[in-house]
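Let's walk through this model together, one piece at a time. Please keep the viewer open as you read.

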Amino acid sequence: MTCDIVPLLPLGIVGFGAIILMLLAAFEKIHLEVAAVFSMGVFALAFVMQLLPAGPDNLAPYTALFHGMLVTNEFTKVAALIILACGFFTAMSSTSYFRLNSFCTLEFYCLMIFATFGMLLLTMAHELITVFISLEIVSLSIYVLVGYNRKSVTSAEAVLKYLMLGAFAGAFFTMGAALIYGAVKSTGFEAIASFIAAKGLVQSPALLAGVFFILFALMFKIAAFPFHAWVVDVYDGASVPVTGFMATALKTAIFAVLANFLILDVGLKDFWLDGLFYITVFTLFAGNLIAIGQNSLKRMLAASGIVHTGYLLIAVIAVSSNTISGHIILFYLAAYAASTLGIFAALSYLGGKDEQRSTFDDFKGLAKVRPYSAAAITIFLLSMAGIPPTAGFMGKLYIITTAFQAGQTTLAVLGIVSSILSMWYYLRLIISMYFHEATDPFEIVGSPFAPVCTLILAACVFAISLFPIAI
Amino acid sequence: MEQSAAYLGLIPLLPLAGATIIGLLHLSSCQTCKLSERTYGILACIAPILTFLFAIKVFLDLHGLPVEARQISYQAFTWFKVGELDIAMGFFADPLSSLMLLFVTFTASLIHIYSIGYMAGDQTFGKFFAYLNLFLGMMLILVLGNGPVVMFVGWEGVGLCSYLLISYYSEDRANVLAGNKAFIVNRIGDLGFVLGMAFLFWAIGGSGFDYISLKANAHLLSSTTISLVCLLLFLGATGKSAQIPLYVWLPDAMAGPTPVSALIHAATMVTAGVYMVARFSFLYSLVPTVGLIVAWTGILTALVSAIYGMYQDDIKKVLAYSTVSQLGYMFAGVGLAAYSAGIFHVFTHAFFKALLFLGAGSVIYALHHEQNIWKMGGLRTKLPITYWTMLIGALALAGCPPFSGFFSKDEILYLALATGNPGIWLIGVLVAGMTAYYTFRMIFLVFHGSPRDQGLFDHAHEAPTVMTVPLIILAVGALFAGVLNLPAIFGGGQVVSHWLAPSLAELHPEASHETEILAIGASVVAFFIGITIAYRKFGSGAEVPVFTGFASFAYHTFRINELYDLLLVRPYKAIGSAIEYFFEPQVTDGPVQLTTWFYRAAGTVFKLLQVGYVRIYAIYMVIGLSLMSLLLSQSLK
């Protein structure tokens, strides 16, 4: 029950940074790109702080802070690192995007940092009310970010859809929390775990329903089937940097919560195994089939995000109470984040004004005109499809190997099948880029930040694949 | 006791970093502002020279240790770990790898320096040096890898680099095809290597898959497994080191720039096979039968390629076949469990073959890329440095007594006799005579007599200093390298053999002094016969010959390429067309199209389900929730 300051430092830096930027924005004293660099600095500083060793208790399963409301361990630490890196690269590539699209104001970056603050809190939350509050911090910031382009109708439509369905899911979460409190007389994860260990899950209908509702709310946030339908429209409506940020950082945070919640008790997970199994299978295939039908790149990437959720769910199912499988979830999240952010960074400078280039056909012949950009995008796509030697391949390899080890042979095989299916739409873009003549000159105006960001992320895709983790 | 030394990891890293930096510089500047050749040249030479210094450090460090403990290693990181397969990216130096390291980095440094002069004016100067550095880096990974898997990285890497460099002048399709050929033929060998590695892992890999563990567990293997593993690994070696049946790529590899040929033939790539066999000596020494197969393959390759070498008219092809032939000797050596003799020949060969190739490069450079020896002649006055250095190289190659090649070749032949293989010895002596003949045929035709093409002759000029200095240094090496392993009969101490002893599982056959004298005598006689015939025929000018009968057959390398084409390439292509024109459209295409149609249809359905109305999405969620509740209630019962 120590209250060590070091694990909270990144959280403090991010929160403080957001407030300073907010104050500066009130007086409109700084330029937009200065704000972008400022937020990059905040993320980078927090990232470095996050790397600091979190005290001698590090070897225990987790270190409790604030009487168990927050915990930190290696898992939350790495999840936070991924989120901060996502924030950094989003801020970096957004500068190029906002040179072409002029709807940005300083508050954009404030909201992004606030959202990151919520996400960091979310990874560490170990108590239902804390989870709810941080979830709302994230959601509210993201709602505004999705609808930031007020002149765009699709953007407005997206934010409304997201808000309504998000409220629907949020209601279930609070309902679930209330039911659990009714049963356990506490909202702390620790207490829930000891309650289940003592009395069993099935004995208390209120607890059962509560956990059920909470899982449902989390499934909505990660866009698992059948709660996935919003994701395509919302990703399509949001602007490119926001979509990239949502797809990566948000997903990382929610998966951290989900993993923390599910490993509370071995019985808890085993109980949901059947349900999760079907959800996973349908998530994999629904995502793939939706992606096959799309013509717009952003919609395709949104749908492919559903598929990646499916893979992560395989890993969640294969998580046993040992902490090792957590590495696999994080590895996959990092690999996925690097490639997804990479594509969105590339889109933010290649998309052109008002995102005029958005379909597969718009990128015909890119390789002839911009060979390096096309090569980088190809690397990201191959990583998402799981082709060696990229990070995506290693991630899938680890996930499928653990699934086999956990006895989930069906899931492992279906995972491989789905990975083959996903080639359809990933290769489609590569074909457009490489096997057609260019009609578009693909002129790039804007800051060099986004191209540099793409380059770094392309290197990351290979670097992450070399990072060794033990299965 | 194993010593740990992090700088081992630096050795391959340096050239790889060099390759990356030069490559990036070249990529970023090739279209806009060209960097000067001097910049690239200096950048490129840093890595090889530094690695050479490190190689000396490795040698000194090992030397400082007691004989049994001469091992240093460094584990960079765990590369991957799946099931029992736990592979570390680790580097390992023992006397064997340190010797390889020394001459590889030494010759490579000289070749890099020489290339600055030879490649001057090339359009893609930077690209060339990036490849050259990469080549060296891969070779160093191969030599320093602490187990077969890491070695395989380098093994494949040098294959890739050879492809890139052989087809370097890619405007000419023939060069690209030569690169393809080298790559594809090597792949066949690689398959053998991979299979051998897999069998080895299957048998004893579970308890450690690096050389030290493998050596410790080798006694657990049945002799059938060892034979199988050794044969498969040897198939890999025949690919890399150009032995029967996979030697066909090496002569074509002459399509690359001459320094590349020198690098491939002297320091990297082709020596890999011999090194690998010596590295696995703890396995090969257990199965003498396989060793005999290796030795006979080697000596027959030596014979066949020496025959080809006698009839070639391209200066580089003569040298190429001489390499194949000398590699044959090396395999004869390692096959007969005379590993140190084989490796010693690799060592001396590196000096004189690099020298000969660089000399040939100097001639070609002087004659504006003329390679036909029948158009040369009398160049001795025009290119004095090249002449004298090449003469030393030729004497070493031909096995003239005080020169390095004599000692190493003689060692192998003597051991062939001592281990009771007179057949191998006899062929070896014959090949020695033929070597002397074709080497001096080349020297006489190029440097002696009168010019055959006056125009070319008049424009010939000696190469710049940056090219001649490496020649002179290598000539010194070719002269004296043999002294290092002077056999006892000449009062020497066999320094190299003793140095290598801890790394190798060697047999030391006992033989009388008479045998040794017989072996030496026969080699010397063969050398003199060979050189005399060459002098008689070509010493004072000769006309372009017209080959008939056997000579024509040998000139066309026994039509082996055509035979392979007929037996392997064409059937393969036939299978390919059968698949293209029959199987794919008639048999497999239907089901594939059906599957795609099914998924496309399903995709359309799912796309339609994305109606875009929030109420519908909410209904999906409610339906999903209901179904999950149903499932839950079912499982509660």
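The buried residues of helix 1 of chain B are covered by parts of chain B that include helix 2 (37-63), strand 2 (72-82), strand 3 (85-93) and helix 4 (125-144). Here helices (H or I, at least four residues) and strands (E, at least two) are DSSP runs, numbered from the N terminus. The buried residues themselves are Leu8(B), Ile11(B), Pro12(B), Leu14(B), Pro15(B), Gly18(B), Ala19(B) and Ile22(B); buried means that 20 or more other C-beta atoms, placed from the backbone, lie within 10 Å of a residue's own.

A word on reading all this: the model is predicted, local features need pLDDT of at least 70, side-chain atom pairs count only at pLDDT 80 or more, and totals for chains, interfaces and linings use all residues. Residues are numbered from 1 along each chain as its sequence is written, while chains are lettered from A and ligands numbered from 1 in the order in which they are written.

Back to helix 1 of chain B, which spans residues 7-29. Its 23 residues reach 32 Å from first C-alpha to last, close to the expected 33 Å, that is, 1.5 Å times one less than the number of residues. The helix bends by about 35° at Leu13(B), with Pro15(B) following within four residues; the bend is the angle between axes fitted to the seven residues ending at a residue and the seven starting there.

Now move to helix 4 of chain B, where you will find Ile141(B). Ile141(B) is buried because 25 other C-beta atoms lie within 10 Å. Leaving aside neighbours within four places in sequence, Ile141(B) is in contact (C-beta atoms, placed from the backbone, within 7 Å) with Pro12(B), Val150(B), Val153(B), Gly154(B) and Gly157(B).

Phe135(B) and Ala354(B) have the most contacts inside the largest nonpolar core, which has 213 residues. Such a core is a set of buried Ala, Val, Leu, Ile, Met, Phe, Trp, Tyr and Cys residues joined through C-beta atoms within 7 Å. Helix 15 (residues 339-366) of chain B brings the largest share of this core, 18 residues.

Finally, where do the two chains meet? The contact takes 24 residues from chain A and 28 residues from chain B. On the side of chain A that touches chain B, helix 11 of chain A gives the most, with 7 residues.

Conventions
Buried ≥ 20, exposed ≤ 12 C-beta atoms within 10 Å, placed from the backbone. Contact = placed C-beta atoms within 7 Å.
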